[in-house]
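Hi,

Here is the structure we talked about handing over. Please have a look at it first; my notes follow below.

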Amino acid sequence: MIVYPNAKINLGLNVVEKRPDGYHNLETVFYPIPLQDGIEISSADACESDYTLKVTGNVLDGSPDDNLVIRAYKLLRREHNIPPCSFTVFKHIPTGAGLGGGSSDAAFTIKALNERFSLNLTNEQMESYASQIGADCAFFVRNTPVLATGIGNVFEPINLSLSGKTLVLVKPDIFVSTPDAYRLVTPKQPEVSLREVLAQPISTWKDSLKNDFEPSVFAKYPEIAGIKDMLYDLGAEYASMSGSGSSVYGIFESPVEHVDELFAGYFCRQRQLE
């Protein structure tokens, strides 16, 4: 079985308050985008251990036990009759980009194991498992646009479609520490709710749809700010950093010519949104 976990972008991100447990409550919209990893899952009955893991493409640091695909597999295997499995993961979604690639890999693994081994789990049950792995992981079970609140783990459906628009995604070779990004943000309640902002035409978003991480991240990494400016110079209807970075995206009415040349030296992909 082969599945293709996709990435997401954040449309707006308001850090609204710091919680007593040290985490932050936020308000953002998760929107799925057609940038994908690949995961092949097969039975490995002759395997000496519970699993084998091979990662190709953007090879990850850390031990196999830390891989979110394996964490998802072990989580389900503790409570369900799942045999030893072999996993081959092709990493195409860049890491440390604010795109949720690892969370998506985990959620799609849960969905694939549910189907392959006839576990008969409901979406709610799969979301419960996924939420034990990461705050945004459960989003990828249903994989439709949601307004996310809490620590990014409370989802409400939102009627929002960017279908037919062109997404240009650019990631520089810069690592932004998420804990550091949170430390430099002053939480505040937004004057206008995100749902209200996104109900307005996309032409108005540039002045009203904000990512609270941008001021401090841009001050430390002007190169990321420069990418956002360049996307607007190319005619983006809206451009923003996703999450705490370091990827930046632009939403365009139509495809951009020579985009790979314009962003040579960066990870850059152009996709039509669905």
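Just past helix H2, serine 118 has a positive phi of about 50°. Keep in mind that this is a predicted model.

Now H2 itself. The helix covers residues 101–116, 16 residues in total. From first C-alpha to last, H2 reaches 22 Å, close to the 22 Å expected at 1.5 Å a residue. How many of its 16 residues are buried? Twelve are, and H2 is mostly covered. Among the buried ones are Gly101, Asp105, Phe108, Ile110, Leu113 and Asn114. Ala106, Ala107 and Ala112 are buried too.

Next, the cores. The largest nonpolar core has 54 residues. Leu11 and Trp205 have the most contacts inside that core. Which residues does leucine 11 touch, leaving out those up to four places away in sequence? The list includes Thr28, Val29 and Tyr31. Leu160, Leu162, Leu194, Leu198 and Leu209 are on it as well. A second, separate core has 35 residues, including Tyr51, Val69, Leu76 and Ala107. Ala107 is one of the buried residues of H2.

Last, the strands. S4 (residues 38–43) pairs with S1 (residues 2–3) in the antiparallel sense, over two bridges. Isoleucine 2 has glutamate 40 in S4 as its bridge partner. S4 also runs antiparallel to S6 (residues 85–91), joined by six bridges. There, serine 42 has serine 86 in S6 as its bridge partner.

Best wishes

Conventions. Residues are numbered from 1 along each chain as its sequence is written. This is a predicted model: local features need pLDDT of at least 70, side-chain atom pairs count only at pLDDT 80 or more; totals for chains, interfaces and linings use all residues. Side-chain values use heavy atoms; hydrogens and water are left out. Two strands pair if DSSP finds at least two bridges between them. Helices (H or I, at least four residues) and strands (E, at least two) are DSSP runs, numbered from the N terminus. A nonpolar core is a set of buried Ala, Val, Leu, Ile, Met, Phe, Trp, Tyr and Cys residues joined through side-chain atoms within 4.5 Å. Buried means under 20% relative accessible area, exposed over 50%, partly exposed in between (1.4 Å probe, protein chains only). Contact means heavy atoms within 4.5 Å. The expected span of a helix is 1.5 Å times one less than its number of residues.
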